Amino acid sequence: MDSVFQGEIHLTRYLDTQGQLLKPLPDNPALTDWLQCCYRNMVLARALDTKAIALQRTGQMGTYASMLGSEAIDVSIGLCMQPDDVLVPYYRNHASQYLRGAAMEEILLYWGGDERGNACAGMNQDFPNCVPIATQALHACGVASAMKIRGEKRAALTVCGDGGTSKGDFMEALNVAGAWQLPVVFVVNNNQWAISVPRAIQCGAQTLAQKAFGAGIRGEQVDGNDAIAMHEVLNRALERARDGKGPTLIEAISYRLSDHTTADDATRYRDNEELKAGWEREPIRRLQGFLHQQGWWDEAREKAWQEEVSQMVQRAVDHYLATPAQPVESMFDHLYAELPARLQEQRDWAQVRAMQGGSHHDDA
Ligand SMILES: Cc1ncc(C[n+]2csc(CCOP(=O)(O)OP(=O)(O)O)c2C)c(N)n1
Ligand SMILES: [Mg+2]
């Protein structure tokens, strides 16, 4: 028998868990500034995340999907994409959205159930949050097709979780991206859990990145807790896409340090030892260790930045809490360009009932 196909998946990693370099830094003079900027935004992301959970726990916000543990992935995406690339996110990319122009108070508004948070002026052509698993992978292929047809030097980047890679939508998206050689980058945030389903029983393949082979596209793994590695792998994939060299699937290995969402309690299905091991690998302490060793960050800067960050987040929270609720009929307003008559009728009814101060409980 002749071997007709060989495939290999490479893992990119620069930092060990303490932030020690495992190999020489890439030769890139801009990296010093980039890594400091990345670190500052990872700290900001964590502060926003902590506050968002506190708001939900105190009844001031709705169900929230934490980004605890995926800060290096989300911030690197936000910093590596060009403004005219298009982000097609899932429900855990708040830091990427913030860096691409969403205000923190808008992010809070969305999770507070207010659609205005999903239509931020600063987000340009980026897509809103996608909650139905993996459907966004196909939307990103549509965006990338348009870019290709127009001959534009842009890329679409979409994110999903490890569980999302089991959906037909994901496999169909990889297939069309390969068949049409689309300028799209698929980032899989492999945080090892899909609610209560662990990665080990999610898929029989050794890596999720090798799903790329079936579609004829590039696939690779990266340590998603290592910002230096994320920077390299994302830039390479985005440049290839913009240069017409085709799509890439990036499996970013991370760990979900939080519950799935605030509606979940992971202690019911997850071993505490595993969580403790996850904290040993977390991205912020790792990058902080590295920056300290290089003399690019110190205690004084850390203290000043922590203070600034808590003020920034508090300002966003104040703004969010002071935003008057939308009228009840606004729930119909982002569904159709032109509302069908039946829904228009319901909208009118809701408006009248709200003006009368009624609720759905008091009549039939
Ligand atoms: C089509 C669809 N099916 C089921 C769900 C319910 N659901 C929400 S999150 C989730 C698990 C996703 O896990 P993963 O893809 O690993 O992403 P993570 O949340 O871990 O980042 C499921 C099944 C959904 N939102 N959409
Ligand atoms: Mg997951």
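**Figure 1. Packing of helices α5 and α6 in the predicted model.** Helix α5 spans residues 135-149, and helix α6 spans residues 168-179. Their axes lie 7 Å apart and meet at an angle of about 20°. Angles under 35 degrees count as roughly parallel. The two helices, α5 and α6, are therefore roughly parallel to each other. Their crossing is left-handed. From α5, the contact takes in T135, A137, L138, A140 and C141. Facing them in α6 are D169, F170, E172, A173, V176 and A177. By class, this contact of α5 with α6 holds 8 nonpolar residues, 1 polar and 2 charged.

**Figure 2. Packing of helices α1 and α11.** Helix α1 covers residues 31-57; helix α11 covers residues 299-322. The axes are 10 Å apart, at an angle of about 45°. α1 and α11 are therefore oblique to each other. The crossing of α1 past α11 is right-handed. On the α1 side, the contact is made by R40, V43, L44, A47, L48, K51 and L55. On the α11 side, W305, V309, S310, M312, V313 and V317 take part. The contact of α1 with α11 divides into 10 nonpolar residues, 1 polar and 2 charged.

**Figure 3. Helix α2 within the structure.** Helix α2 runs over residues 71-80. Is α2 largely enclosed or largely open? A residue is buried if 20 or more other C-beta atoms lie within 10 Å of its own. In α2, 10 of the 10 residues are buried, so the helix is largely enclosed by the rest of the structure. The buried residues include the charged E71 and D74. Also buried in α2 are A72, I73, V75, S76, I77, G78, L79 and C80.

**Figure 4. L343 in helix α12.** L343 belongs to helix α12, which spans residues 341-355.

Conventions. Residues numbered from 1 in each chain as written. Chains lettered and ligands numbered in written order. Predicted model: local features only at pLDDT ≥ 70, side-chain atom pairs only at ≥ 80, totals over all residues. Axes fitted to C-alpha atoms, helices over the stretch in contact; angles between N-to-C directions. Helix = DSSP H or I, 4+ residues; strand = E, 2+ residues; numbered from the N terminus. Parallel < 35°, antiparallel > 145°, perpendicular 65-115°, else oblique. Left-handed = near helix turned anticlockwise from the far one by under 90°. Contact = placed C-beta atoms within 7 Å. Buried ≥ 20, exposed ≤ 12 C-beta atoms within 10 Å, placed from the backbone.
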